Amino acid sequence: GARGELFSEKLTGEVTAGVTNRKFSRGGDETLPGFDAKLTYEITPKTSLQLGGSNDFGTSPQGAQQKNLAFNAGLNIKLDDQWSLNGAVSARAIDYYTRTEDYIEASLGAGYTVNSYVKIAASYTRRNNSSPLAGGDFTQNVFSLAASLRY
């Protein structure tokens, strides 16, 4: 793996790669090539690009075993001392061994700093899950408005 300023002072982050092994309580085990990457590239002093990815085992909320392969990208722009914009997209293939689902999420947001004590943020997120399972497909649209207060 690697961590910190990887290739230049503008590219920072952490990358790990190896072999991931899972042992089941009922016996047996499984191995897959695993990786986890989180990189940030400073395009300008006010604009940064985040890239990431991972390949690992997981467990669903219902206890189903799965393999997760995910990639994501995001962009943050600080327009001035008060306004910021952000956007992100992520894609994940979830292998449940009997089926594979594709989950995609995209978001856009803006932030406004009123003063050192009050910040306001708004965002829109669209989520889509494609599944061969009957009733497993869904699309969500989420609008969010938040205020954070510091004292």
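Modeller: A quick word first: two residues are in contact when heavy atoms lie within 4.5 Å. This is a predicted model, where local features need pLDDT of at least 70, side-chain atom pairs count only at pLDDT 80 or more, and totals for chains, interfaces and linings use all residues. Residues are numbered from 1 along each chain as its sequence is written, while side-chain values use heavy atoms, leaving out hydrogens and water.

Biologist: Happy to start with the overall picture! How many strands are there in the protein?

Modeller: Helices (H or I, at least four residues) and strands (E, at least two) are DSSP runs, numbered from the N terminus. The pattern along the sequence reads β-β-β-β-β-β-β-β-β. There are 0 helices, and the number of strands is 9.

Biologist: And what share of the 151 residues counts as buried?

Modeller: Buried means under 20% relative accessible area, exposed over 50%, and partly exposed in between (1.4 Å probe, protein chains only). The C-alpha atoms fill a box of roughly 55 × 40 × 30 Å along the principal axes. Of the 151 residues, the buried share is 20%.

Biologist: Let's visit E30. Which residue's side chain does E30 reach through a polar contact of 2.4 Å?

Modeller: A polar contact is a pair of N or O atoms within 3.5 Å; within protein, one must be able to donate a hydrogen and the other to accept it, and residues adjacent in sequence count only if both atoms are side-chain atoms. E30 lies in strand β3, residues 29-44. Beyond four places in sequence, E30 touches T20, N21, R22, F24, F57, K67 and Y97. The polar partner at 2.4 Å is Y97.

Biologist: Is E30 buried or exposed?

Modeller: Look at how much of the residue is open to the probe. E30 has a relative accessibility of 18%, so E30 counts as buried.

Biologist: E101 is another glutamate on my list. Which side chain joins E101 in a polar contact?

Modeller: E101 is found in strand β7, which covers residues 100-113. Its relative accessibility is 8%, so E101 counts as buried. Leaving aside neighbours within four places, E101 is in contact with R92, A93, I94, Y96, N129, S130, S131 and P132. The polar contact, at 3.0 Å, is with N129.

Biologist: What about rings: how many aromatic pairs are there?

Modeller: Rings of Phe, Tyr and Trp (its six-membered ring) pair if their centres lie within 6.5 Å; planes under 30 degrees apart count as stacked, over 60 as edge-to-face, and the rest as tilted. Aromatic pairs by this rule come to 4.

Biologist: Why is the pair of W83 and Y112 called tilted?

Modeller: The ring centres of W83 and Y112 are 4.7 Å apart and the planes meet at 50°, so the pair is tilted. This pair links distant parts of the chain, W83 in strand β6 (residues 83-95) and Y112 in strand β7, 29 residues apart. W83 is partly exposed at 40%, and Y112 is also partly exposed, at 25%. The deciding angle between the planes is 50°.

Biologist: In which strand is F138, the partner of Y103?

Modeller: Y103 and F138 form a tilted aromatic pair, 6.4 Å centre to centre with 55° between the planes. Y103 is buried at 18%, whereas F138 is partly exposed at 35%. The two are 35 residues apart, with Y103 in strand β7 and F138 in strand β9.

Biologist: Last stop, K23! Is K23 buried or exposed?

Modeller: K23 has its place in strand β2, residues 11-23. Not counting residues up to four places away, K23 touches G28 and D29. With a relative accessible area of 66%, K23 is exposed.
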